[in-house]
Amino acid sequence: MDPIRNPYAPGAGTPPPELAGRDELRDRVGIALARVRLGRPTKSVLMVGLRGVGKTVLLDRMREDAEASGIQTLFVEAPENRSLPGILAPQLRQALLRLSKNDKAKDLAQRALRGLAGFATALKVKYRDIEVGLDFEPEPGLADNGDLELDLLALLEAAGSAAKEAGTALTLLVDELQYVKEDELAALITSLHRTAQRRLPVVLVGAGLPQLRGRTGRAKSYAERLFDFPEVGPLAPEAARTAIAKPAEAEGVTITEDALQRIIDETHGYPYFLQEWGKHAWEAADASPIALGDVERASATAIAALDESFFRVRFDRLTPSEKRYLRAMAELGPGPHRSGDIANMLHREVTSLGPTRAQLIAKGMVWSPSHGDTAFTVPLFDEFMRRIMPGDDWRQ
Ligand SMILES: Nc1ncnc2c1ncn2[C@@H]1O[C@H](COP(=O)(O)OP(=O)(O)OP(=O)(O)O)[C@@H](O)[C@H]1O
Ligand SMILES: [Mg+2]
């Protein structure tokens with residue numbers, strides 16, 4: 001069918017034509033933000049889920065929801081090699097400049113901007129990637145100790161006071177939070193703890209891979225009480241149906257029941273895969289309705305497309321020993337797997353594979369659901385590894 005009208009949108013962070021199955025979570029976060037604005041006790045929210053389940057697009061939608069109700073937001077993605085102060089500072093400045101346009105909050109917002117100037121100047125030595133416009137002179141003693149934990153706390157307190165005066169809340173939306181270093185994460189948690197104690201309207205809505213939960217607990221033991229950790233998973237069958245059928249309907253196209261069922265079976269309801277299968281099924285069909293035969297032909301091209309993009313970008317970042325480790329895991333199935341079983345596959349000792357496993361965790365390729373267990377963070381990665389490294393060469 002007409003490729004120009006193909007509604008499906010596979011891609012990292014690409015908004016789907018229909019954001020299916022996430023209303024409950026959006027409502028939950030909406031309530032949390034409304035509460036924090038009123039100064040009611042509220043937990044920050046850290047959404048955890050595997051690659052491609054739709055964390056980024058959900059976070060982005062929550063930002064839109066928040067802004068529509070007059071809440072100030074700042075949105076950052078934590079890349080692997082940037083510091084938290086480095087990525088937060090410019091966004092925080094923008095939010096404070098917006099707040100300073102509010103008559104009531106003007107003075108406090110300007111004070112927070114002075115805090116930001118002190119913060120950036122004092123921490124620049126340690127975090128060289130802080131690049132932020134300075135609108136005011138620093139206020140001596142405000143967020144300028146050169147200690148991240150103390151200074152971030154003072155800065156968010158100042159920003160929270162300004163937001164409170166403006167009758168709004170400040171929401172920090174942080175994607176890929178698992179990449180933030182543990183001491184920087186600890187500083188963020190301490191700051192949120194303080195603003196919560198002081199009933200200041202500052203809240204974090206974060207997203208990351210499942211290891212984020214353990215990381216926050218290690219960074220600060222009381223983090224478990226400060227945060228909710230809702231899981232973002234594959235879509236339940238009803239939502240997966242909606243994700244495929246509704247965008248087609250909007251184009252006047254239907255899809256037969258068995259075709260729809262086949263897409264759900266093949267994708268296991270994972271959002272990225274749903275978009276890929278939807279796109280390819282549309283391409284395979286000549287006319288409405290999209291039928292089972294179309295989906296069967298689409299499966300081959302959808303898998304090829306995933307192998308070239310979604311899976312491939314991750315595979316290309318691996319060293320040869322990391323590839324062998326993941327290939328051994330794949331041999332054992334979808335997982336999680338015991339470290340001992342993986343080592344046996346490679347005829348190695350568990351301890352000698354420790355560094356490889358640690359690198360894979362740092363890269364976000366695997367995580368540890370419980371002590372001694374290892375699981376893929378990318379859904380269906382085991383099948384991909386068996387496709388891309390067929391045969392037995394990896395065992396040596
Ligand atoms: N609720 C949903 N319904 C339908 N499609 C969705 C939904 N959520 C996400 N998608 C689609 O899934 C794909 C992946 O979304 P996104 O990039 O947000 O995932 P992610 O969890 O952030 O992945 P990663 O961990 O790799 O960053 C996109 O193509 C998006 O359009
Ligand atoms: Mg993402």
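**Close-up 1. Helices in the lining of the largest pocket.** In this predicted model, helix H2 (55–68), helix H11 (271–284) and helix H13 (312–315) each give at least two residues to the lining of the largest pocket. Helices (H or I, at least four residues) and strands (E, at least two) are DSSP runs numbered from the N terminus. H11 contributes the most, 4 residues. The pocket has a volume of about 680 Å³ (the space filled by probe spheres set on the grid points). Of its 36 lining residues, Gly11, Ala12, Gly13, Gly52 and Tyr272 lie nearest the centre. A pocket is an open set of points on a 1 Å grid over the protein atoms alone, where a 1.4 Å probe fits, with protein on both sides within 12 Å along at least five of seven lines; lining residues have an atom within 4 Å of a point.

**Close-up 2. The second largest pocket.** This pocket holds about 590 Å³ of space. It is lined by 27 residues, with Pro210, Gln211, Arg213, Trp367 and Ser368 closest to its centre. Helix H7 (211–219) and helix H16 (350–362) are the elements that supply two or more lining residues; the largest share, 5 residues, is from H7.

**Close-up 3. The sheet S6-S8-S7.** Three strands in this order form an open antiparallel sheet (strands pair if DSSP finds at least two bridges between them). S6 pairs with strand S8 (residues 373–376) over 2 bridges, and Arg338 has Asp373 in S8 as its bridge partner.

Residues are numbered from 1 along each chain as its sequence is written. Local features need pLDDT of at least 70, while totals for linings use all residues.

Key
Chains are lettered from A and ligands numbered from 1 in the order in which they are written. This is a predicted model: local features need pLDDT of at least 70, side-chain atom pairs count only at pLDDT 80 or more; totals for chains, interfaces and linings use all residues. Side-chain values use heavy atoms; hydrogens and water are left out.
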